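Visitor: I am new to this structure and would like to go through it step by step. Please show it first.

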Amino acid sequence: MGKLIVTDGNGSTQEILLDKERVSIGRHPDNDISLNDKAVSGHHAVIITILQDSFLEDLDSTNGTQVNTKQIAKHPLMDGDVISIGRNTMKYEGTKVAEEDFQRTMVLKPGQFSSAFDSQKIDATKPLIGKLKVANGANAGKELELTKALTTVGRPGVQVAAITRRADGYYIVHVGGAQTKRPLVNGKEIDSQAFKLNHQDMIELAGTQMNFILA
């Protein structure tokens, strides 16, 4: 299990265990890590942990998120990484994650969403590989194979979810802050815990309907 050593702008430190699947970071008090810093957005970033691996994603914040002094949008955390958000730093202590296991966010908006799907290679010969098939809108029929450990899908600041691939199947978890709507699966809103996906489940996210298929 990884952990963060959080140091605020005044030099105070605290240790945060990444013992939850989703740990939110931001200025608002509803975050798991609440930072009293005007340079920090209300819901600034999130860390998704799958077994021993943790992934950091900026939630389209105003001032951005840095890892080891470099601006990032998404980043697989490695032991010793230093996250900078406003005047606050967070040192990650944990195991190394292969960068290829972190798949970039599929942005659900015209143009970018279409090109993101077009870039994916579909290999139908692989057994029990999940994929998403868009069911409505201009991108209806587009498919995305879910071969990575984690794929984030949605529109930052509007609605974002993460789909994780595990040994026993695929799970979807809400990534956005408490003030953003949660994804729907078969017409029902998922809760704060990871929801296991079944073949032919219908996901609705940021106005886009996607059929989950195991093939």
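Visitor: What percentage of the residues of the chain count as buried?
Guide: This is a predicted model, in which local features need pLDDT of at least 70, side-chain atom pairs count only at pLDDT 80 or more, and totals for chains, interfaces and linings use all residues. Residues are numbered from 1 along each chain as its sequence is written, and side-chain values use heavy atoms, with hydrogens and water left out. Buried means under 20% relative accessible area, exposed over 50% and partly exposed in between, with a 1.4 Å probe and protein chains only. Of the 215 residues of the chain, the buried share is 47%.

Visitor: What is the mean pLDDT of the chain, and which element has the lowest?
Guide: pLDDT is the predictor's confidence in each residue, from 0 to 100. The chain has a mean of 82, and 80% of its residues reach 70 or more. Over residues 109–126 the pLDDT is below 50, although this stretch has 29 contacts in the model beyond near neighbours in sequence (a contact means heavy atoms within 4.5 Å). Among the elements, strand 10 (residues 82–85) has the highest mean, 97, and the lowest, 40, belongs to helix 1 (residues 112–118).

Visitor: How many helices and strands are there in the chain?
Guide: Both are DSSP runs numbered from the N terminus: helices are H or I with at least four residues, strands are E with at least two. The count for the chain is 1 helix and 22 strands.

Visitor: In what order do the 5 strands of the open sheet with mixed pairing stand?
Guide: Two strands pair if DSSP finds at least two bridges between them. Strand 4 (33–34) and strand 9 (74–76) are the edge strands, each pairing on one side only. The order of the sheet is 4-3-5-6-9.

Visitor: Is E57 buried or exposed?
Guide: E57 has its place in strand 6. Its C-alpha atom is separated by 8.8 Å from that of P76, 19 residues apart along the chain. Because its relative accessible area is 6%, E57 counts as buried.

Visitor: Where does D60 lie, and is D60 buried or exposed?
Guide: D60 lies in the loop between strand 6 and strand 7 (65–67). Its phi is near 55 degrees, a positive value in a residue other than glycine. With a relative accessible area of 56%, D60 is exposed.

Visitor: What is the relative accessible area of N68?
Guide: N68 is found in the loop between strand 7 and strand 8 (70–72). N68 is not a glycine, yet has a positive phi of about 55 degrees. N68 is partly exposed, with a relative accessible area of 38%.

Visitor: Why is one side of strand 14 and of strand 19 left without a neighbour in the sheet?
Guide: These strands belong to an open sheet of 6 strands in the order 14-13-22-21-18-19, with antiparallel pairing. Strand 14 (143–145) and strand 19 (188–189) stand at the edges, so each has a single partner strand.

Visitor: Which residue is the bridge partner of E204 in strand 22?
Guide: Strand 21 (residues 202–205) pairs with strand 22 (residues 208–214) in the antiparallel sense over 4 bridges. In strand 22, the partner of E204 is Q209.
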